[in-house]
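Please look through the following structure with its aromatic side chains in mind.

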Amino acid sequence: RYVPATYSGSETLAADSIVIWSLNDDDGVTVTTTTTSSDTAVAGIIVTQALTPDVDGNTAIQDAGRDNWTWLQTYGKSQVNFAGAVSYTGSAFGTSTTAGEAAMYGSDSTNANTPRVTGNAGFAYDTATAGDDDVEVFLRLD
């Protein structure tokens, strides 16, 4: 179930978008976008576009059967839209500062003690430039 981070002015979420588990709707089925780079709450990649909810503030039970349900991939070969460049094949990736888009995963000493920013989602099969869509990746989420 997709619920946008901000309901006002929200739009359909494109296929191949990377999402996180909603920390506001802690029901285990609701996903949303993030602007936190390498967010540890990464849930997976949306396989088909996700429409916005019909009503703001619904629970998952209230949204059952409505438009904002979609398919979420959590493991295996997939495609994702990238906000940042992938410098080499095999690079680790995660969420980026652009909602719904991925970037190279960057674990460094600054982030080492910040649990919220250590989310590695998998690795890239392809190199990419910033803004590339449909970049092949292998998704590995626990």
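How many aromatic pairs does the count come to by the rule for rings? The count comes to five aromatic pairs, where rings of Phe, Tyr and Trp (its six-membered ring) pair if their centres lie within 6.5 Å, and planes under 30 degrees apart count as stacked, over 60 as edge-to-face and the rest as tilted. This is a predicted model, in which local features need pLDDT of at least 70 and side-chain atom pairs count only at pLDDT 80 or more, while totals for chains, interfaces and linings use all residues. Residues are numbered from 1 along each chain as its sequence is written, and side-chain values use heavy atoms, with hydrogens and water left out.

**Tyr75 and Phe138**
- Tyr75 and Phe138 form an edge-to-face pair, at 5.2 Å centre to centre and with 85° between the planes.
- This pair links distant parts of the chain, 63 residues apart, with Tyr75 in strand E5 (residues 75-80) and Phe138 in strand E9 (residues 135-140); strands (E, at least two residues) are DSSP runs, numbered from the N terminus.
- Tyr75 counts as exposed because its relative accessibility is 55%, whereas Phe138 is buried at 17%; buried means under 20% relative accessible area, exposed over 50%, and partly exposed in between (1.4 Å probe, protein chains only).

**Phe123 and the cluster**
- Phe123 and Phe138 are stacked, because their ring centres are 5.7 Å apart and their planes are at 15°.
- Phe123, in strand E8 (residues 122-124), is 15 residues apart in sequence from Phe138 in strand E9.
- Ring pairs link Tyr75, Phe123, Tyr125 and Phe138 into a cluster.

Key: Helix = DSSP H or I, 4+ residues; strand = E, 2+ residues; numbered from the N terminus.
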